[in-house]
Amino acid sequence: MERIKSLFERYSRAREYSITPLPSSGGNRQYFRIIWDGGSCIAAVGTDLRENEAFFYLDRHFSHLGLPVPEILAVSEDRTVYLQEDLGDTTLFDAVAAGRKSGSYSQEEKALLRTAIETLPAFQYVGASGMDFSQCGPVRYFDRTSVMFDLNYFKYCFLKPSGLEFDEMELEEDFRRLCDRLLVCCSENFQYRDFQGRNIMITPEGGMKFIDFQGGRMGPVHYDLASFVWQAKARYSPQLKEELTEAYLEAQSHYAVVRRKDFLTDLRQFVLFRTLQVLGAYGFRGMFERKPHFLESIPYAMDNLQELFASGTFPEYPCLCRILEGLIPLYGHRQPRQDGRLMVRIFSFSYKKGIPEDDSGNGGGYVFDCRGVPNPGRLPEYRGMTGLDAPVIDFLKGYPETEEFARHTAALADMHVDNYLERGFTDLMFSFGCTGGRHRSVYFAERLADHLEEKYGSTGKLHAVLIHREQNLEREVIR
């Protein structure tokens with residue numbers, strides 16, 4: 001804080017002012033708003049000097065070319081603190097929030113989206129003019145190393161934690177083919193890298209300015225278009241995606257001549273690649289760093305994949321396609337039931353990996369903490385087993401609190417099921433959590449599933465599914 005005060009006072013000569021922390025983004029920079037009699041500005045603190053220098057260079061370069069970026073007001077001697085103009089608090093992502101929530105964008109919201117996507121080619125083509133790409137960082141070019149890094153980001157931070165089985169050598173072959181295909185599209189344009197609604201500010205005057213371009217590099221332009229139009233949580237309809245793509249192509253035509261059919265064919269490859277990259281980020285930020293915003297975005301990325309596959313698969317990547325087709329039902333949104341029955345979903349899970357998301361939109365239902373029951377996982381002879389195995393079941397049945405826990409959860413379930421049936425509700429969720437999601441949670445989820453099958457199985461009023469998330473097991477309890 002003292003470094004911020006020192007820099008600001010040298011810049012403004014003010015002695016009376018307020019400093020307010022701003023919400024952090026996905027990166028490691030911290031932001032603060034400073035308000036004084038002369039106005040306001042934003043202070044940024046970043047410890048990554050390479051990233052800071054890239055931002056300083058690109059901001060100066062874009063400003064010189066007349067592109068809409070924030071003005072840098074002052075930089076500390078150690079280059080870790082800087083002041084920039086205050087662009088307000090409204091991002092494009094915020095400005096179109098109503099359309100995103102409803103799935104139906106107004107004409108005003110569509111106009112904002114078109115303005116943003118029509119500005120993108122200026123950064124990619126004009127922005128590349130005279131640019132010293134050696135100033136970009138940490139990566140200067142879209143090359144094989146950077147592509148494989150992102151593909152392995154997906155593999156290690158999302159695919160492997162999912163528990164889905166796959167042939168690693170076959171997947172590596174598909175990654176190699178995908179990498180070769182993407183590199184065919186390489187060009188000497190500027191690739192913004194993270195062109196999406198949260199990085200576009202709507203200024204108090206109603207204009208737009210663009211931020212967070214410090215990860216940019218030389219590379220193909222398709223990547224940025226895919227990043228914006230297929231942003232996971234944006235919920236753009238197929239028609240709106242087509243409209244935005246056409247708006248981009250029209251704006252692009254002022255800078256370059258491209259063959260539309262070939263460009264759109266190449267674009268599908270980048271939509272696939274960008275989706276894999278963001279899933280890797282969601283896995284790391286959500287599953288490992290426990291940031292709920294990223295976990296909430298996963299089903300929307302799966303929706304994009306499902307839509308992409310609906311327009312044709314990628315036969316050149318057979319292993320990757322099989323993997324993605326297996327991931328979609330694990331993490332995608334479930335379709336609402338049309339038969340009038342109550343859908344009951346029962347989960348077992350590990351608290352270390354977070355509470356299961358309720359993709360019905362009803363808030364998650366009951367979450368039962370099984371960690372108050374003795375843990376067989378502490379004993380070596382049970383560690384390789386789960387709550388499906390007889391020795392673990394016998395161990396748990398040997399404690400009176402096990403039966404008491406199961407009896408209480410069954411009573412709560414009965415009350416809730418009967419109430420939901422009477423009120424015509426369609427979704428109900430029960431989640432049982434323990435430390436590893438292997439023993440106690442699995443056992444109690446099975447107990448509740450058996451109870452519901454016995455009580456409601458022949459009524460025709462329920463459809464029940466049991467999901468052992470950490471074992472990647474799912475079965476229908478009541479069809």
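In this predicted model, the buried residues of helix α15 are Arg-440, Ser-441, Val-442, Tyr-443, Phe-444, Ala-445, Glu-446, Leu-448, Ala-449, Leu-452 and Tyr-456. The cover over these buried residues includes the helices α13 (390-397) and α14 (400-423), together with the strands β10 (342-350), β12 (427-434), β13 (462-468) and β14 (473-478). Helix α15 itself spans residues 440-456, and its 17 residues reach 24 Å from the first C-alpha to the last, close to the 24 Å expected at 1.5 Å a residue.

**The five-stranded sheet**

- Five strands form an open sheet in the order β1-β2-β3-β5-β4, with antiparallel pairing.
- The edges are taken by β1 (17-21) and β4 (72-75), each of which has a single partner strand, so one side of each is left without a neighbour in the sheet.
- Neighbouring strands of this sheet are turned against each other by 25° on average, direction ignored.
- The edge strand β4 is joined by three bridges to β5 (residues 81-85), the two running antiparallel, and Ile-72 stands opposite Gln-84 in β5.

**The helix across the sheet**

- Helix α1 (residues 2-12) lies across β1, β2 (30-36), β3 (39-45), β4 and β5, and runs at about 50° to β5.

- Leaving aside residues up to four places away in sequence, Lys-241 touches Val-229, Trp-230, Tyr-236, Asn-304 and Glu-307.

Definitions and conventions
Residues are numbered from 1 along each chain as its sequence is written. This is a predicted model: local features need pLDDT of at least 70, side-chain atom pairs count only at pLDDT 80 or more; totals for chains, interfaces and linings use all residues. Side-chain values use heavy atoms; hydrogens and water are left out. Two strands pair if DSSP finds at least two bridges between them. Helices (H or I, at least four residues) and strands (E, at least two) are DSSP runs, numbered from the N terminus. Axes are lines fitted to C-alpha atoms, for helices over the stretch in contact, and angles run from 0 to 180 degrees between N-to-C directions. Contact means heavy atoms within 4.5 Å. The expected span of a helix is 1.5 Å times one less than its number of residues. Buried means under 20% relative accessible area, exposed over 50%, partly exposed in between (1.4 Å probe, protein chains only).
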